[in-house]
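Student: Hi! Could you walk me through the packing in this one?
Tutor: Happy to, here it comes.

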Amino acid sequence: MDHWQTLHSATRLGVLDAPYPLRYLSTDDGVDLGRLVHAAGMSLPNEPTPTLSATIDWAFAVLQGEYGRLLDACSFVIETRSGLLGAIVVVKQANTVEILQLAVDQAFQQQQFEQALLSAALNGLAQARYPRVQVRVLANSSQAHFFTNHGFMLAEDVNDASTSNHD
């Protein structure tokens, strides 16, 4: 069984290249966000295979601040006429900024939507002067590979890299 691991990255300004227009995640997106996360087959902490109802409840809890303050200027969705195609949810709890979820409808995965959402979030975080962000993913999952391929590292690796830069 895989375990959850936390990955970290510096935020950065970049060029946004989204295949569809992005908009900020809204507190009115609860049902659509829940449906998207469920349709994308995403795991939730403590619920590796959540039901649609549990995922919608999770989405409303996120949007109501139960997982930290929603950073709505750093959380984005890609929307089509048929609903949300992708979303990235970023929250701040105490001194930690976290990507709580990055989900893209399974029919649209591997088509640059994930990269567009991540770039938008990292750009928004950098503009808001948040220097670091973390994400919790299942070890050896496709999301773990996605984030490590986009510059995220395990906390120990981040500490080792910062220590070696000062020697």
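Tutor: Let's talk about the cores and then the aromatic rings.
Tutor: This is a predicted model, where local features need pLDDT of at least 70, side-chain atom pairs count only at pLDDT 80 or more, and totals for chains, interfaces and linings use all residues. Residues are numbered from 1 along each chain as its sequence is written, and side-chain values use heavy atoms, leaving out hydrogens and water.

Student: How many residues has the largest nonpolar core?
Tutor: That core has 27 residues. A core here is a set of buried Ala, Val, Leu, Ile, Met, Phe, Trp, Tyr and Cys residues joined through side-chain atoms within 4.5 Å, with buried meaning under 20% relative accessible area (1.4 Å probe, protein chains only). Val90 and Phe147 are among the residues with the most contacts inside it.

Student: Which helix gives the largest share?
Tutor: α3, with seven residues; helices are DSSP runs of H or I, at least four residues, numbered from the N terminus.

Student: And what is the size of the second core?
Tutor: The second, separate core has 19 residues, including Leu25 and Leu100.

Student: Switching to rings: which residues form the aromatic cluster?
Tutor: Phe146, Phe147 and Phe152. Rings of Phe, Tyr and Trp (its six-membered ring) pair if their centres lie within 6.5 Å; planes under 30 degrees apart count as stacked, over 60 as edge-to-face and the rest as tilted.

Student: Why is Phe147 with Phe152 edge-to-face?
Tutor: Their planes sit at 75°, with centres 5.0 Å apart, so the pair gets that label.

Student: Is Phe152 buried or exposed?
Tutor: Buried, with a relative accessible area of 2%.

Conventions:
Buried < 20%, exposed > 50% of the residue type's maximum accessible area, 1.4 Å probe, protein only. Helix = DSSP H or I, 4+ residues; strand = E, 2+ residues; numbered from the N terminus.
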